Amino acid sequence: PRPHSTLRVRPLTCTETRRGDRQVVHSLGDGAVHVSATSPWDCGFGRAVAPLSRRCPRGQVSAARHDATFGFSAVFDAGASQEAVFEGSGMRQLVELAMDGFSCTVFAFGQTGSGKTYTLMGPLGQSDTQPASPALLGLMQRSFTCLLELSRSRASDLALSASYLEIYNEQVRDLLSPGPPCALPLRWSKSRGFYVENQLSVEFESLEAIVSLLLQGSQRRRTSAHALNRHSSRSHALLTIHVRSRAHHPPNVILQASACPSKQGTLCFVDLAGSERVKETGSSGELSVEANSINRSLLALGKGWGTRPGSAPTRALSLVTSCVAHPPAGHCISLLAKPRGKRTHIPYRDSKLTRLLARSLGGSGITLMVACISPSSRCLSETLSTLHYASRARRVTTRP
Ligand code: ADP
Ligand code: MG
């Protein structure tokens, strides 16, 4: 199956409205979205929506520099509910595929503040004083519900477990293990592929249990966000649900373990580090280490899958993930977009993110990409870069 490439446009925030930011992103329906700013300093009287005659084929950018239309398999604008995103993005199908033994991955990407965490987790990511209203629950909680419902309706025993980790500055940290955070080594073995040594994988059987694991993990992530400046927006977070299903047997029939048909699927939620450029002024010390780490991991994704033979979907994904990085990304994209034979060496080493996702994204892996953007005129340039790369990847996807 082809991965879906979807777009979510969040509403203007109160702050943005109060300071008079203009809305520059407009959904045209049918998967098309239009960015209508004529220039970044135009503040109020620009064209709202380009005439239809100016619309381009899906995935292409119209001629004017800041006036462009992009195509996605689905666009969710400011009025779209969390439920609409779950139902319209293909997330439910992804859950079903994970139940059937496939490795499925959802990526949320975009600049910091564009709604990645909100889309994945709802407001749970921000406040733990009061439980989020059910209508605001994100893709994660809706998927858990769906998974547990499916497991009850199907005639199979399901063993569900979760692991949750983050990658910050090329260090892998377990978000579920108690005690002070420490970096865990990444290892490789023939049977397991790449894995994180001593990583916790916690079994769960109820919605309450998995939601509480999610809360614990995101709290740990936020705790370090206060200690380490801007931490959470500069780290990737990976929540993986392992689904092992085994067909039912009549209780009096004893089968050898090897005779039990067992499938193992995974459902991985990736909240990628913010894709915005790190300001040049901060390009020394901590910031540059962060930027380099994010660059390295995102670009390495592109390198790894771009060269894997016969996997168009993952190649498209790799394009997106490589493209959401920083200035050198442009170079990398053009390399990846070239026919394989003409590609020169891509000068980025493998990263932890690449290695951790290698199994779920290689071969039969199925992906859902959720590009997140703000509609504000102030975010115009980052928005254009997210849209540009996302739709470019989509175009690659549609090639045979
Ligand atoms: P990111 O994870 O991309 O940095 P967040 O998910 O934290 O961004 O969102 C930034 C802010 O915008 C938060 O206050 C969040 O509640 C709000 N927000 C994001 N998306 C939506 C939405 N679809 N509807 C309402 N508020 C949203
Ligand atoms: Mg976030």
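Mentor: Two strands count as paired if DSSP finds at least two bridges between them. Please keep in mind that this is a predicted model.

Trainee: Which strands make up the open sheet of three, and in what order?

Mentor: The order is β2-β3-β4, and the pairing is antiparallel.

Trainee: Which strands stand at the edges?

Mentor: Those are β2 (25-29) and β4 (68-71). Each has a single partner strand, so one side of each is left without a neighbour in the sheet. From one strand to the next, the twist averages 25°.

Trainee: How many bridges join β2 to β3?

Mentor: Four bridges do so, and β3 covers residues 32-35. Within this pairing, Val25 has Val35 of β3 opposite to it.

Trainee: Let us turn to the whole chain. How many helices and strands does the protein chain have?

Mentor: The protein chain has 11 helices and 15 strands. It comprises 400 residues, of which 52% count as buried.

Trainee: What share of the contacts with a separation of 6 or more comes from residues 24 or more positions apart?

Mentor: Such residues account for 73% of those contacts in the protein chain.

Trainee: Now the aromatic residues. How many aromatic pairs does the structure hold?

Mentor: It holds one. The pair consists of Phe144 and Phe269, whose ring centres are 6.2 Å apart. Their planes stand at 80°, which is over the 60 degrees required, so the pair is edge-to-face.

Trainee: Where in the chain do Phe144 and Phe269 lie?

Mentor: Phe144 belongs to helix α5 (residues 139-153) and Phe269 to strand β14 (residues 262-271).

Trainee: Is Phe144 buried or exposed? And what about Phe269?

Mentor: Phe144 is buried, its relative accessible area being 1%. Phe269 is also buried, with a value of 1%. The cut-off for burial is under 20%.

Trainee: You mentioned α5. How do α3 and α5 pack?

Mentor: Two packed helices are described by the angle between their axes and the distance between the axes. Helix α3 (residues 91-99) and α5 have axes that come within 10 Å and cross at roughly 45°. The helices are therefore oblique to each other, and their crossing is right-handed.

Trainee: Which residues make that contact?

Mentor: On the α3 side they are Met91, Arg92, Val95, Glu96 and Met99. From α5 come Leu139, Ser143, Cys146, Leu147, Leu150 and Ser151.

Trainee: And at what angle do α2 and α5 pack?

Mentor: Helix α2 (residues 82-89) and α5 pack at about 60°, and their axes are 10 Å apart. These two helices are therefore oblique to each other. Here, too, α2 passes α5 in a right-handed crossing.

Trainee: Which residues of α2 and α5 meet?

Mentor: Gln82, Glu83, Val85, Phe86 and Ser89 of α2 meet Leu139, Arg142, Ser143 and Cys146 of α5.

Trainee: One last topic, Ile167. Where is it placed?

Mentor: Ile167 lies in strand β7 (residues 156-168). Its relative accessibility is 3%, so Ile167 counts as buried.

Trainee: What does Ile167 touch, not counting residues up to four places away in sequence?

Mentor: Ile167 touches Val172, Ser235, His236, Leu238, Lys352, Leu353 and Leu356. Separately, the C-alpha atoms of Ile167 and Ala273 are separated by 9.2 Å, although these residues are 106 residues apart along the chain.

How values were computed. Residues are numbered from 1 along each chain as its sequence is written. Chains are lettered from A and ligands numbered from 1 in the order in which they are written. This is a predicted model: local features need pLDDT of at least 70, side-chain atom pairs count only at pLDDT 80 or more; totals for chains, interfaces and linings use all residues. Side-chain values use heavy atoms; hydrogens and water are left out. Rings of Phe, Tyr and Trp (its six-membered ring) pair if their centres lie within 6.5 Å; planes under 30 degrees apart count as stacked, over 60 as edge-to-face and the rest as tilted. Buried means under 20% relative accessible area, exposed over 50%, partly exposed in between (1.4 Å probe, protein chains only). Axes are lines fitted to C-alpha atoms, for helices over the stretch in contact, and angles run from 0 to 180 degrees between N-to-C directions. Angles under 35 degrees count as roughly parallel, over 145 as roughly antiparallel, 65 to 115 as roughly perpendicular and the rest as oblique. A crossing is left-handed if the near helix is turned anticlockwise from the far one by less than a right angle, and right-handed if clockwise. Contact means heavy atoms within 4.5 Å.
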